[in-house]
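Hi,

Here is the structure I said I would pass on. Have a look at it first, and then read my notes below.

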Amino acid sequence: MAAYIQARNVNLSFRPANRTPVRALDGFDIEVQEGEFLSIVGPSGCGKSTFLNVVLGLLKPDSGEVLIHGNKIAGPGSDRAMVFQEFGLLPWRTVQHNIELGLELKRAPSAKRGAIAERLIGLVGLTGFESHYPHELSGGMKQRVGLARALATDPDVLLMDEPFAALDAQTRDLMQTELLRIWREARKTVLFVTHQIDEAIYLSDRVMVMSKRPGHAKKAFTIALPRPREYEMRVTPKFNELKLEIWNALKDEIAV
Amino acid sequence: MATQPSVLSGFIGRHRNAVLGGAAVALFFAAWQAIFLVVPFNPLFITKPSLIAAGLLDLVESGDLFHDLAVSAVPFFLGLFGAVVIGVPVGMVMGRRVRIGYALDPLMTVFYASPLVALAPLLVIFFGVGLPGKTIIVFSLAVFPFVFNACAGVRAVDHLLVNVVRSLGGRERDVYLKILLPSVLPYIIAGARIAVGRALIGVLVGEFFAASEGIGYAITRFADIFAVDRMFACILTVMVIAIALTEGIRWAERTAFPWRFGQ
């Protein structure tokens, strides 16, 4: 079976005006199966987020290509949606209208938008907060809105760029469990970028370690832990074994 | 009776800033009135608050004041409206399109920084006395705060939000309408505060140069006939209107954008 997402030899450099170009991705290869939860971990600035933006269609690689279902990505499309680290909620819109944004841009009729938003507000556990503005929400609630907004257009692929990095540690743990519950119901292919090895293992079917910049895929680890996953799983020997293996692959790439 | 002082001090405590400001204004007028007890008073060149109040009452009763204000209001609001309609889109495009911004910036800065009222006589020659000339003067003074603030607002926009819209399939039009316009609204309101002051200057200057009615004309006419009390009555009226407009905009800013102040 052909992979659902295929990145082949992706190269990308940033060329800031009047400065030397920065190579962000260097021959990046990856394959993701349909319905798979794949995490990418790597040192800061290794090009993890850059790769997500290529898949999202906001950045064009200098060479190489990314295919989804055999079709080359040429720009943003409704088969993909991103959950951003800094939430990216429109401060002048209520929870409900933030979630409806993507549907509005696709010119969906208002009744349909309302029905979808209502269902997703229930799914992410924000019932009762429909008319709240982002500044009235906690960080965890903001990211629930971000997740619901990404799910609203019913994409096949969910791209998550360190979505819980801006949250405190306890909220992050809760949101990870929430994400697994939502993923079980929504059944999307997920590309998840994170710094945290724990988080990557707990959530994923596979964890990909990236090299330092210019980033390429270094090594992939299959996470053969049963699902549904419980919080207690994080203290099992198997979990810690995986954590150590991944850390060993990652630590050479980290410059202090 | 015993509770009376505490009610008063409670009121003062709650509105301390307003009480201080009001007291200063009252003191200013009292001092103005009192100084002529020691300084000789000549009504040809100077006036005092009691005479101004009488003059004001006179103008209100005859209906002249309201007539002049109504005449001046038309070019004031037309010019301001034109300034918003032209200035905001121009500023937003300057902010969004880097090259257009660099191209127009020096030109706009020259017009904004220079005393455009110096061109008022020329504008009167071009557009005549009366409504068109005054409206053009108001417009040319009021448009630049909108241009520069809209431009600054677009440049300060959270780029993440632009990416959100683009990633969800939004086109450039959607970026303007769904992200840029709501983001610059607070900047436009702030610009309006500056523009209102400049628009008032525009109306007055326009009417000083060539007009047969309007509040600016009334001020020059009363000055010409040495009716200093009524001249000051008109000036004070304009001041009060200016304060009311600016404070009204300030209030609108706070209530319309709770996400900017409610954090």
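What covers the buried residues of H10(B)? Before I answer, please keep in mind that this is a predicted model. The cover includes helix H4 (64-96), H9 and helix H11 (228-256) of chain B. Helix H10 itself spans residues 215-224 of chain B, and its buried residues are B:Ile215, B:Gly216, B:Tyr217, B:Ala218, B:Ile219 and B:Phe222. After H10(B) comes B:Phe226, which has a positive phi, near 60°.

The axes of H9(B) and H11(B) come within 9 Å, with a crossing angle of roughly 175°. An angle over 145 degrees counts as roughly antiparallel, and therefore that is how H9(B) and H11(B) are described. From H9(B), the residues making the contact are B:Pro186, B:Ile189, B:Ala192, B:Arg193, B:Val196, B:Gly197 and B:Leu200, while H11(B) brings B:Val238, B:Ala242, B:Leu245, B:Thr246, B:Ile249, B:Arg250, B:Ala252 and B:Glu253. Sorted by class, this contact of H9(B) with H11(B) has 10 nonpolar, 2 polar and 3 charged residues.

Now for where the chains meet. The contact draws 16 residues from chain B and 19 residues from chain A. On the chain B side, helix H8 (159-167), helix H9 (172-209) and helix H12 (258-261) each supply at least two residues. H8(B) gives the most to that side, with 7 residues. The residues of chain B that touch chain A split into 8 nonpolar, 6 polar and 2 charged.

On to chain A. Its domain assignment gives domain 1 (1-79 + 156-256) and domain 2 (85-154). The C-alpha centres of domain 1 and domain 2 of chain A are 24 Å apart. Their contact takes 15 residues from domain 1 of chain A and 12 residues from domain 2 of chain A. Strand S7 (157-161) and helix H6 (169-186) of chain A each supply at least two residues of the domain 1 side, and H6(A) gives the most to that side, with 6 residues. By class, the domain 1 side divides into 10 nonpolar, 2 polar and 3 charged residues.

Strand S3 (residues 37-41) of chain A has 5 of its 5 residues buried, so it is largely enclosed by the rest of the structure. In a regular strand, side chains alternate between the two faces of the sheet. Both faces of S3(A) are covered, with A:Phe37, A:Ser39 and A:Val41 buried on one side and A:Leu38 and A:Ile40 buried on the other. S3(A) runs parallel to strand S8 (residues 189-194) of chain A, and 5 bridges join them. In that pairing, A:Ile40 stands opposite A:Val193 in S8(A). S3(A) is also parallel to S9(A), joined to it by 4 bridges, and here A:Val41 stands opposite A:Val209.

The other element is helix H1 (residues 48-56) of chain A, where 8 of the 9 residues are buried, so the helix is largely enclosed by the rest of the structure. Its buried residues are A:Lys48, A:Thr50, A:Phe51, A:Leu52, A:Asn53, A:Val54, A:Val55 and A:Leu56. Just after H1(A), A:Gly57 has a positive phi of about 100°.

Finally, two single residues. A:Lys212 sits in the loop between strand S9 (206-210) and strand S10 (217-222) of chain A. Leaving aside neighbours within four places in sequence, A:Lys212 is in contact with A:Pro43, A:Cys46, A:Glu253 and A:Ala255. The C-alpha atoms of A:Lys212 and A:Gly47 are separated by 8.2 Å, although these residues are 165 residues apart along the chain.

The other residue is A:His97, found in helix H2 (residues 95-99) of chain A. A:His97 is partly exposed, with 16 other C-beta atoms within 10 Å. The C-alpha atoms of A:His97 and A:Glu130 are separated by 8.4 Å, and the two are 33 residues apart along the chain.

Cheers

Definitions and conventions
Residues numbered from 1 in each chain as written. Chains lettered and ligands numbered in written order. Predicted model: local features only at pLDDT ≥ 70, side-chain atom pairs only at ≥ 80, totals over all residues. Contact = placed C-beta atoms within 7 Å. Nonpolar A, V, L, I, M, F, W, Y, C, P; charged D, E, K, R; others polar. Buried ≥ 20, exposed ≤ 12 C-beta atoms within 10 Å, placed from the backbone. Axes fitted to C-alpha atoms, helices over the stretch in contact; angles between N-to-C directions. Parallel < 35°, antiparallel > 145°, perpendicular 65-115°, else oblique. Domains from an automatic or database assignment. Pairing = 2+ DSSP bridges.
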